[in-house]
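Subject: Structure handover

Hello,

Here is the structure we talked about, with notes on what turned up in it. Please look through the model first and then read on.

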Amino acid sequence: MTQENKDLDESKELQDDAIQEIHQNLLKDKELPKEGFSFLPIALIFLFAGVCFWGGIYIVTHGGEFRWDGYHPDFVASDKSLSIPEKSLFEIGEKVFIAQCVQCHQNDGKGIAGVYPPLVESSWVLGHQEVLARILINGMNGKVVVLGKTYNGNMPAFGPSGLNLKPKQIAGVLSYIRQEWGNAGSDITEDTMKNYMAMYNARTTPWTSEELSLNLSPEPEAPSKDTDIDISDDNKMLDTHGDEDHTDSEHSNMILSHKEHS
Amino acid sequence: MSVSSAGSPHDSLNTIDNSINKAVFYFILSAITWLALSSLLGLIGGIKTVIPSFLSTNEGFTFGRIQAMLNTTLLMGWCSNAIFAVAFWIMARLSSTPIKHGGILLIAGVIWNIALSLALIGIFIGDLTAYSWMEFPSYTSGIFLLAYTLIAVWGIVTYRHKQNDYSYVSQWYILGGLLWFPWIFVIGQFFINWVPVRGVLQSIVHAWYINNVFYLWLCPIALGACYYFIPKLSNTAIRSYHLSALAFWTFVLFASWSGLTYLIGGPVPVWLTTTSIVFAVSLIIPALIFYTNLIGTALSSFSQFKNNLALKFIIFGSAAFILHLFVKMGLSIRSVDALAHFTMIYEAHHWHLIYGFFSMVFFGAFYYLVPTLLKHSYKSNVLPNFNFVLSALGIIILLVALYGAGWQQGTQFANAELSFLQIANDLTFWMQLKLVGLTILFIANLLFAFNVVALLLSKLLDVLPNFSNDEINPNT
Amino acid sequence: MKHFSILLFGIFIVLTSSFLGLISSSLNQLGGLKQSTESLELDDAGELVLVDGDPLYPMKLSGSSEQGHMEYVKLGCVNCHSQQVRREELGNDLQRGFGQRVSVPRDFILQSNMVLGYSRLGPDLSSVGSRKSDLNWHLMHLYNPQITSPGSLMPPFPFLFETIKISEVAATSGALEFPEGSPYAPENGIAIIPSRRAVALVEYLLNLDINYNLPEAVVTKNDTGE
């Protein structure tokens, strides 16, 4: 390193090509000869082996078995499968009702006078299953008479054009409102609901109360043995509430007209 | 050892230096401007943690935005410009090749700084993202990328066309760093801003991004500078140089895999963090080699180290880096992380890397580079030496304050009786200490900027009277 | 130039390996996570059972909560607040009432602009909606944290509020209700009205609550952590 004509004090520095040349030579010699025995490389080999050994064991024992649902470092997948009981339609419906319906129809199912119609004892609720299914799937718009009072509002759709509930959830909530608060309607099964949804999913506009009564298909047979009891219960309901003539007769008309059609 | 290059080695050095003179000075000046701005922002942030209502009436100065602007100016302003200034020069010197098209480098540099200014305005008016160290608005990321491509391509071209047969480890680090950054940047932007993934996947990409920007961009280039300047300035070969290749490959591989330790205990599958823990602990291998290579070399020529300003900075930075790596290994251990997670220890760890290591190495590099390029040295070393003392002191106080604060927070988190309000109140002493550290750093950084600019001006004053003379005879 | 291509190849392999190993694999593993229709619940006998058909979890945020989430991002709240509940041994999250169970990836699948957070200079906010459900408290806390939590390190956000003059002393609807004798209360005849941004932000905070079961994460602690 003899560069004395530099204006800066670079005489004590390595020049760039020297840096490279020296180190290139060092690589050829591998180790500085004067050291004789180099402790570091041997220690590094042991260290490297140790780290690999520990790392392998640590990943296997604390890696959550590489599963997406292993979050605890000591996670061990259990083969104990959880029992999956079917919830009854009523229980499913209760949850859906609390989540989606109580704001308008209220916890007691009585609605808000003049604004949101009641569900208790309403012939719409206890009547033809297809009517209910239509309302839930596509929503309902305009004037509707319930228990003798006229309401004018918007029932949102819960089918694919609206909140997109599953058939089982709609079936559940319908079964719930037909059986809670002293209502004594039948279950609306998931299969029935699937059929209705296949028919009405494509429709995008809400129903009006006049439209609802048109083109109804026959009520599905209730799956359980106590079909007759259910139906007779229904009829009893219709009969016993004679004071709400208007709605009930309208409801009967609805069914009649449907029967005439078919 | 004889210097065996064709013609006068000085002529070729001058050609190389002159080929990027203008661009390098542009980057140096931008770097120190952004550094000054970032230390001002740091100071404001520091005051806010002591007096929360300070400057709180204006939305742009709220703590979250100050923090975002601070991170952005530090990373995209100071660090990037410093890298552009130093990396190309080292690359050109070691490859004995002048940088071609220095003009394009300059234009790209201007574009980069325009993108950064846009980003800062964007953050100020509220366009920041939710991700630390990539808070710049997504509409600036394309401009950054364009400018970066125009800049980095010259470093790679220079290495490809190098005029000698040597391949020194500094060149590997710089080439790697230049190539890795755009890739990390694109992956981060792609999965977070351009085609966003959802949920914790974003956090996983973000952790990977931060970690790789730090350890596969800032670290390699600063290490490249260390491997270049330490043997050069101490006039000694690197100790155990044959291990440096092992250190290079193990460091970049292990560090790149170690990023998800940021998410230990968080809502991610545990195998991700476990894998990163193993790689983070494995960093002990490169850390030991770095110790021998860098610190070992410096200690064997201690007299040089005491008297050489640039070397002092660089050795301080290297020592801080090795300490940083050991802290990283420690933090990756689950039981330590249980205490350190969510505390200021992580903030301390970032400052440790950026100020303790990166900035100190680059201060040293600038103190070597500027006089060399200007061919004009300091008449007195008092101010630069004072700068070293101030910077070192400021960093040590800042780190003590933040690590101390974090430790105290961690022990108090474990005690469920203590409310968060109580824990925050107990931090007052440490926050004040942090403010002291930030103030000292602020002064030190201004002094650094002053020293560089003063040297430039004194050179200009020297040159102006006999300008033509200097042009003809650049060797004197 | 043999070593140049080897070097390039090595540089390529290093980053690709960590990208494939950490990012691609987690995209592959978690990218397909859907909202759950199943939930683990305690049945009458106290056994954990998997139940199908419940409403889907996690639920989408409402429009204004989503806007509030953006305000959360824009104000940089993530610098000091985390939104993740960790295991009890990692800082007593459950005992502090930060949530009713540990957070898991599925809780976040609907979110963009993730704010998991990395620092807890302030408390975790995963379930702040159930911890503090008072709208006025939150607005007051934003207006000036010193009113509700003296000594807090949180900055005030007065720019999210408007100061208006009212002709009478009567409270204007929506104005902040300051506690009696608070030194931060405005003079008589002046009311502090929260802007829409402040209301959206608070609505977002009030909606933050992880209180449902997922097949992989069960609420084990039912007290709300007083």
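A residue is called buried when its relative accessible area is under 20%, exposed when it is over 50%, and partly exposed in between (1.4 Å probe, protein chains only). By that rule both A:Asp16 and B:Lys232 are buried.

This is a predicted model: local features need pLDDT of at least 70, side-chain atom pairs count only at pLDDT 80 or more, and totals for chains, interfaces and linings use all residues. Residues are numbered from 1 along each chain as its sequence is written, chains are lettered from A and ligands numbered from 1 in the order in which they are written, and side-chain values use heavy atoms, with hydrogens and water left out.

Salt bridges

A salt bridge here is a side-chain nitrogen of Lys or Arg within 4 Å of a carboxyl oxygen of Asp or Glu. Over all chains, the whole structure has 13 of them. One is between B:Arg93 and A:Asp16, with the closest N and O atoms 2.7 Å apart. B:Arg93 lies in helix 2 (residues 63-95) of chain B and A:Asp16 in helix 1 (residues 16-29) of chain A, so this pair joins two chains. Helices (H or I, at least four residues) and strands (E, at least two) are DSSP runs, numbered from the N terminus. Both B:Arg93 and A:Asp16 are buried.

A:Asp16 also forms a salt bridge with B:Lys232, at 3.2 Å between the closest N and O atoms. That pair crosses between chains as well, from helix 1 of chain A to helix 6 (residues 200-234) of chain B.

Within chain B, the side chains of B:Glu59 and B:Arg65 form a salt bridge (2.9 Å, N to O). Through shared partners, salt bridges join B:Glu59, B:Arg65, C:Glu71 and C:Arg197 into one network. B:Glu59 and B:Arg65 are both buried.

Aromatic rings

Rings of Phe, Tyr and Trp (its six-membered ring) pair if their centres lie within 6.5 Å; planes under 30 degrees apart count as stacked, over 60 as edge-to-face and the rest as tilted. The count is 65 aromatic pairs over all chains. B:Trp89 and B:Tyr368 form a tilted pair, 6.2 Å centre to centre with 50° between the planes. This pair links distant parts of the chain, B:Trp89 being in helix 2 of chain B and B:Tyr368 in helix 13 (residues 345-374), 279 residues apart. The relative accessible area of B:Trp89 is 0%, and that of B:Tyr368 is 7%.

B:Phe136 and B:Phe185 form a stacked pair, 5.8 Å centre to centre and 10° between the planes. B:Phe136 is in the loop between helix 3 (102-124) and helix 4 (138-160) of chain B, and B:Phe185 is in helix 5 (residues 169-194), 49 residues apart. Both B:Phe136 and B:Phe185 belong to a cluster linked by ring pairs, which also includes B:Trp112 and B:Trp217.

A charge sits over a ring if NZ of Lys or CZ of Arg is within 6 Å of the ring centre and within 35 degrees of the ring normal. B:Lys162 does this over B:Tyr159, at 5.3 Å from the ring centre, and C:Lys132 over C:Trp137, at 4.8 Å.

Chain C

Chain C has six helices and four strands, in the order α-β-β-α-α-α-α-β-β-α. Of its 226 residues, 55% are buried.

Regards
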